[in-house]
Amino acid sequence: MHVDRELACTIAGQLVTAASQRPHVLERRSGSELLEPQRDLPGPFLAPSPRQLPLPGQAGFADAATGKAFLAAIEPYIASASEVRLFNQLYKEIQARKGQVRGAVESTWINIALTAAGLEAIGADASAFPDAFRQGMAAWAGLIGDAGPSAPQTWTAPFTGGARVHAVMILASDTEQDLEAGTVWVRAVMAEHNVAEAGVQDGHVRPEPNRGREHFGFKDGISQPFIPGVTAGQNKKGNDVIAIGEFVIGYADEDDHVSGQPAPPAQPGQPGYNPTPPPPAPALPAWATNGSYLVYRRLRQDVAAFQQFVHDQAQPLGLPADAVGAKLVGRWASGVPLETVQGEKGERDAAAGDPGADPQSPLLRDDRINRFDYQKNDADGHLVPRAAHIRKTNPRDEDPPGRPEANRHRLLRRGIPYGPEFQPTEPAYPGAGPVPDNQDRGLVFICYQASLEDGFEFVQQRWANTPEFPQPGDGRDPIISQDVNLRDMTIPQRGSIPMAQWGHHHRRRLLLRALAERTAHTQPTVKRRAGSTVARRLPILEPNKNRRRK
Ligand code: HEM
């Protein structure tokens, strides 16, 4: 397994640590440190995750003392965002000089996310956290549309029935060997502290020529919020600049509120003003600062059903099959948007095919691929349907809701595909019963946000699952919202796609199934020790590698 550096390479993060004399955390940050968030934010902000090791609920942390001891033992091996960023920079520089030679610099990164159950198991007080975090994803299944074949009862172990786990560990490496070595090492530390493992979820970048693409074949990871000073030195793709408080607790968000903390009551003249407001919600503990909520969902993808569906819809819509797929997503498989981009003169005809099929296409360049809006030239959705996946999940300047509101619900996506490559010769996807391992593929969807309610849950429920959003008749997001009350998706100037038929056609084998856990977690940070350097912390699994060689 090779992990692709551009799309899905390293991961690191910081940890709810637990030195025994300082139970579960952590050092309060000073005002000046807040001005330099890039110094010790969780590393996952920079990269996604190839492998997760969920720790189970009952047996995860045997008790508070051993749980804390385990976290204290792991903490020195958890890297920070600044380390990952520096490493990525070094990697790029070496690659630019030496070309695509692999192995010049390598790393393995570890991160850990704790659930509310996990926090309680180590004796932390989680009572001030929002219900969405404390109750877990299964409790909110009705709200986010995890029904029928995606209901919690169908979720894969260890989350079946909505079972709670204590934590999810995330490991990422550049090579499969390093990942294995890292896993062996983590397991040894777990065993030493009597921490039980409930299961493992592998993820990996797809092999060439599908590197960087999800299993339906579309380039992924193109549009991401740009957080100044954190996500990258330069914003080459022109992504929206979003306040760090939308993703990390304890910072100013898009409304200039301190993220994660209860919003101040509305003042006279402001919307929602209440002369006798209810008592404010409790404030989060100080150690929550620098934490973020992680959403983890295992989304199974039925590739054959997708291909069949776009093929079936091609003739009624008068479009080639690949253009039907592009209408569902909002981008061509190459990643080129259907929308007219900055610098382009005139609209492209969807029937003409994917312009990005030519790798030299200027539309694939960083200065084009993500530079577009919807409202001025495509308010009716004749280019990108208003229900297309990328338009539902980030409406940009579309009105409603308008850019300020859209930017209050941004997600930092850090997912990675899982499962084997699709084989055209494989048998029909199972109609019932378990999906065999050799056909179980999809996306390990991971995203970070400072509020579950305003982040993932809002996007999934209020935008993707709502056929009236942004306007009546637009339909549901065809990629991530197929499970409940299907309705047609409107494709302006072409007609509509009968999503109900899709559901009927593929009854019991819905194209996408959510098998998931909203492992909401906080990730309070630990201040980096003085004198810690990148060089010291990067080869974190060296001892383990040595063990393997013996
Ligand atoms: C198997 C499931 C999924 C597939 C196949 C998928 C596929 C894609 C693809 C191909 C893109 C375009 C590339 C890009 O801009 O990065 C994209 C963008 C995006 N997806 Fe998904 N996605 C899935 C699940 C989700 C979920 C569950 C959410 C959130 C609820 C989500 C939110 C987004 C967002 C916010 C964007 C960026 C939109 C933009 O800024 O223009 N996706 N996805």
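## An enclosed helix

A residue is called buried when its relative accessible area is under 20%, exposed when that area is over 50%, and partly exposed in between, using a 1.4 Å probe and protein chains only. Helices (H or I, at least four residues) and strands (E, at least two) are DSSP runs, numbered from the N terminus. This is a predicted model, in which local features need pLDDT of at least 70 and side-chain atom pairs count only at pLDDT 80 or more, while totals for chains, interfaces and linings use all residues. Residues are numbered from 1 along each chain as its sequence is written, and side-chain values use heavy atoms, with hydrogens and water left out.

Let's begin with helix H10 (residues 321-329): seven of its nine residues are buried, so the helix is largely enclosed by the rest of the structure. The buried residues of H10 are Ala323, Val324, Gly325, Ala326, Lys327, Leu328 and Val329. After H10 comes Gly330, with a positive phi near 105 degrees.

## Two nonpolar cores

A nonpolar core is a set of buried Ala, Val, Leu, Ile, Met, Phe, Trp, Tyr and Cys residues joined through side-chain atoms within 4.5 Å. The largest one here has 70 residues, and Phe70 and Phe129 have the most contacts inside it. At least three of its residues come from each of domain 1 (13-266 + 280-296 + 511-541) and domain 2 (303-411 + 455-501); these bounds come from an automatic or database domain assignment. Another core, of 32 residues, lies apart from it and includes Phe218, Leu319, Ala388 and Phe422.

## Around the ligand

Now for some polar contacts, meaning pairs of N or O atoms within 3.5 Å. His389 has a polar side-chain atom 2.9 Å from a nitrogen atom of the ligand. Oxygen atoms of the ligand also take part: one is 2.8 Å from a side-chain N or O atom of Asn394, and a polar side-chain atom of Arg413 lies 2.7 Å from a ligand oxygen atom.

Technical notes: Polar contact = N/O pair within 3.5 Å; in protein donor to acceptor, adjacent residues only side chain to side chain.
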